[in-house]
Amino acid sequence: MKKPLNEKGLATRREVLGDAYVDRALENADAFSWPLQELVTGFCWDAIWNRPGLPRKTRSLINLSMLMALNKPHELKAHIIGALRNGCTQEEIREVLLQGAVYCGVPAGVDAFRVAREALAEARASGLIPDAGEGDA
């Protein structure tokens, strides 16, 4: 039986990643993986993301650099969209990925930019950000 999740953490998780993403993660969890959902929701999304020391925008940019360094494209994509929800601009995201390309290596940068382009296309399609015009990121 699935135990209830930390309510504050779940609310933050939904605000950053979106209902559809979170709903998929929860629906796909089974008896074996449900404890991971409890851990992620309670520790990541409440104990860390709800701390007062850093704004969500800053936490998002930090996550992008770490996920790029760890070569976690699925999570990177989700957190790029989350970064947009948290007020990060496309330019800020690009700058984090450029800096990461220097410190993590160019292949990591190439992969991160590929993932970012996919995430930005999804964000445009969903109306989260406007369509890019000439000169836009």
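A salt bridge here is a side-chain nitrogen of Lys or Arg within 4 Å of a carboxyl oxygen of Asp or Glu. Keep in mind as you go that this is a predicted model.

Select Lys77 and Glu118 to begin: their side chains meet in a salt bridge, at 3.5 Å from N to O. Lys77 sits in helix 5 and Glu118 in helix 7, so this pair ties together parts 41 residues apart in sequence. Glu118 is partly exposed, with a relative accessible area of 38%.

Next, pick Glu15 and Arg56, whose side chains form a salt bridge at 2.6 Å, N to O. This pair links distant parts of the chain, with Glu15 in helix 1 (residues 7-17) and Arg56 in helix 4. Glu15 is partly exposed at 44% relative accessibility, and Arg56 is partly exposed at 26%.

Now move to Asp19 and Arg14, another salt bridge (3.2 Å, N to O). The structure holds seven salt bridges.

Time to go inside. Which residues touch the most other members of the largest nonpolar core? Select Leu64, Met68, Leu76, Ile80, Leu84, Ile93 and Leu97, out of 21 residues in that core. Helix 7 gives the most to this core, with seven residues. Centre on Leu76 to find Leu64, Leu67, Met68, Ala112 and Val115 among the residues it touches. Apart from this core lies another, of 12 residues, including Tyr21 and Trp34.

Leu54 lies in the loop between helix 3 (34-48) and helix 4 (56-69), and Leu54 is partly exposed at 34% relative accessible area.

Definitions and conventions. Residues are numbered from 1 along each chain as its sequence is written. This is a predicted model: local features need pLDDT of at least 70, side-chain atom pairs count only at pLDDT 80 or more; totals for chains, interfaces and linings use all residues. Side-chain values use heavy atoms; hydrogens and water are left out. Helices (H or I, at least four residues) and strands (E, at least two) are DSSP runs, numbered from the N terminus. Buried means under 20% relative accessible area, exposed over 50%, partly exposed in between (1.4 Å probe, protein chains only). A nonpolar core is a set of buried Ala, Val, Leu, Ile, Met, Phe, Trp, Tyr and Cys residues joined through side-chain atoms within 4.5 Å. Contact means heavy atoms within 4.5 Å. Lists of a residue's contacts leave out its neighbours within four places in sequence.
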